[in-house]
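Please look over the model below before reading my points.

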Amino acid sequence: MALLLAVPAQAQQSSQYSMQEIVDAGHGFFGETSGGLAKLVERAFESYGLPNGYILGQEGSGAFVAGLTYGEGTLNTKNAGQHSVFWQGPSLGLDWGGQGSRTMMLVYNLPDVNALYDRFGGVSGSAYVIAGLGMQVNVNRDIVLVPIRTGVGARLGINAGYLKLTRQPTWNPF
């Protein structure tokens with residue numbers, strides 16, 4: 001029991017975020033629609049450990065076999081402060097529909113802020129009928145992004161693609 005209590009205190013002193021810090025930030029950001037947020041955050045922590053950053057933002061996406069995603073938010077880190085970030089990306093798969101989402105991306109193994117501005121590949125599945133909550137994993141070298149989304153729309157499918165994170169907004173998803 002003492003070990004479990006020591007981990008959050010240790011995370012607060014390091015450059016990483018504890019599970020409780022992430023859940024609290026998510027509840028503040030997502031509001032009352034975040035009933036499943038704690039389960040998704042717990043699954044991410046079990047798989048990847050403590051993140052050293054997180055992004056809070058919003059995005060819109062749509063697909064009819066080929067799809068596009070556009071989003072914007074703020075990267076939060078304990079040792080490098082806050083930074084604006086934009087993301088966009090194409091996808092391809094058995095995927096139809098559209099959605100608007102509030103997004104929290106957990107960021108793992110980020111050596112410095114500049115390393116975030118790159119492409120991160122992944123596979124995504126969506127099942128939105130009016131509203132939904134989902135998690136995805138995107139990877140580039142050792143850096144892992146885990147977007148957790150809640151939103152509205154009508155979307156069903158699975159796709160493969162990437163998110164390109166940039167300092168400035170752009171319409172070019174490639």
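This is a predicted model: local features need pLDDT of at least 70, side-chain atom pairs count only at pLDDT 80 or more; totals for chains, interfaces and linings use all residues.

1. The structure holds 3 aromatic pairs. Tyr 17 and Tyr 54 form one of them, edge-to-face, with 5.0 Å centre to centre and 75° between the planes. Tyr 17 sits in the loop between α1 (2-13) and α2 (19-30), and Tyr 54 in strand β1, 37 residues apart.

2. Relative accessibility is 8% for Tyr 17. For Tyr 54 the relative accessible area is 12%. Both values count as buried because the cut-off is under 20%.

3. Tyr 48 and Tyr 108 form a tilted aromatic pair, with 5.6 Å between centres and 45° between the planes. Tyr 48 is in helix α3 (residues 37-48) and Tyr 108 in strand β2, so the pair ties together parts 60 residues apart in sequence. Tyr 108 is buried at 1%, whereas Tyr 48 is partly exposed at 36%.

4. Lys 78 lies over the face of Tyr 17, 5.1 Å from the ring centre.

5. Ser 61 lies in strand β1 (residues 53-77). Ser 61 is buried, at 11% relative accessible area. Its side chain makes a polar contact of 2.6 Å with the side chain of Arg 155. Beyond four places in sequence, Ser 61 also touches residues including Leu 68, Gly 97 and Gln 99.

6. Trp 96 lies in strand β2 (residues 81-108). Trp 96 is partly exposed, at 38% relative accessibility. Its contacts include Phe 64, Arg 155 and Leu 156. Trp 96 and Gly 157 are 61 residues apart in sequence, but 6.2 Å apart C-alpha to C-alpha.

Note on methods: Residues are numbered from 1 along each chain as its sequence is written. Side-chain values use heavy atoms; hydrogens and water are left out. Helices (H or I, at least four residues) and strands (E, at least two) are DSSP runs, numbered from the N terminus. Buried means under 20% relative accessible area, exposed over 50%, partly exposed in between (1.4 Å probe, protein chains only). Contact means heavy atoms within 4.5 Å. A polar contact is a pair of N or O atoms within 3.5 Å; within protein, one must be able to donate a hydrogen and the other to accept it, and residues adjacent in sequence count only if both atoms are side-chain atoms. Rings of Phe, Tyr and Trp (its six-membered ring) pair if their centres lie within 6.5 Å; planes under 30 degrees apart count as stacked, over 60 as edge-to-face and the rest as tilted. A charge sits over a ring if NZ of Lys or CZ of Arg is within 6 Å of the ring centre and within 35 degrees of the ring normal.
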